[in-house]
Amino acid sequence: MERILFLALLSGIQGKDIWGPAVVTGREGESLSFCCGYDEVYARRDKYWCRGESFSSCHIVVRSLGPQSGRTSLEDRSDSREFCVTIKDLTVQDSGAYWCAIDIWGPDSHMAVALSIDAVRPVTPSKPSTANSTTKPATTISPSPSTGPPTATSAATLEPPTTPPSRRNETGSKRPEKPGTLTILVISTGLLLLFLCQACVMATVWRRTGIICRGHRDAVR
């Protein structure tokens, strides 16, 4: 590529009767067009597009007065004193050294053009991510009898929590509770007071009955 640029620079310095872009770039698969200008004295002369690192041995691709075929065409615009080259369906192999030239008496007037075509990189489809495709089992937090924080267990191995002993008694049949010592003491005291009251009543009745009997006996006497 440096040699092509050197030839293009050298041609631009030497040739003043023809001019144009020293470097033309394109993209693979696309089309491009560019023009080379010339002096008005060459308006009716044949123009051509030539490929090769050396102008003396370059291969003519297309002429303005010749048939236009293939991917490359050349149009001579004498009114604006320029001829334009169009290349379709560019490929990387199109890159190289070319020449804009005019067929005249003696050595043809020419200038070098470096053509550079950038390759298009194929798009590689990305592989689907498998990170989200794996389904993890749901986790359930079950109460733990210990004072520590609740632990997460897998839904596949989760077992129903066991009922504490205190809750079994609440949900099952209630057993009769044994009376406490205080309750027995209160009941015994009550019974004792009741017994004393009955004894007092009986004693009072007995006394009154004895007085009445004595009075009756004294009256009989």
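In the hairpin formed by β6 and β7, four residues lie between the strands, and R81 takes a positive phi near 55°. Keep in mind as you look around that this is a predicted model.

D39 sits in the loop between β3 (32–38) and β4 (47–51). D17 is 22 residues from D39 along the chain, yet the C-alpha atoms of these two are separated by 5.2 Å. D39 itself is partly exposed, with a relative accessible area of 31%.

Now let us turn to another aspartate, D108, which is found in the loop between β8 (96–102) and β9 (109–118). Is D108 buried or exposed? D108 is buried, yet it has no salt bridge. R63 is the nearest side chain of opposite charge, and it is 6.3 Å away, whereas a salt bridge needs the charged atoms within 4 Å.

What does the side chain of D108 make a polar contact with? The partner is the side chain of Y48, at 2.8 Å. A polar atom of the D108 side chain also lies 3.1 Å from the backbone nitrogen of I104. Leaving aside neighbours within four places in sequence, D108 is in contact with Y48, F55, I102 and D103.

Notes. Residues numbered from 1 in each chain as written. Predicted model: local features only at pLDDT ≥ 70, side-chain atom pairs only at ≥ 80, totals over all residues. Heavy atoms only, no water. Helix = DSSP H or I, 4+ residues; strand = E, 2+ residues; numbered from the N terminus. Buried < 20%, exposed > 50% of the residue type's maximum accessible area, 1.4 Å probe, protein only. Lys, Arg positive; Asp, Glu negative; His and termini not counted. Polar contact = N/O pair within 3.5 Å; in protein donor to acceptor, adjacent residues only side chain to side chain. Contact = heavy atoms within 4.5 Å. Pairing = 2+ DSSP bridges.
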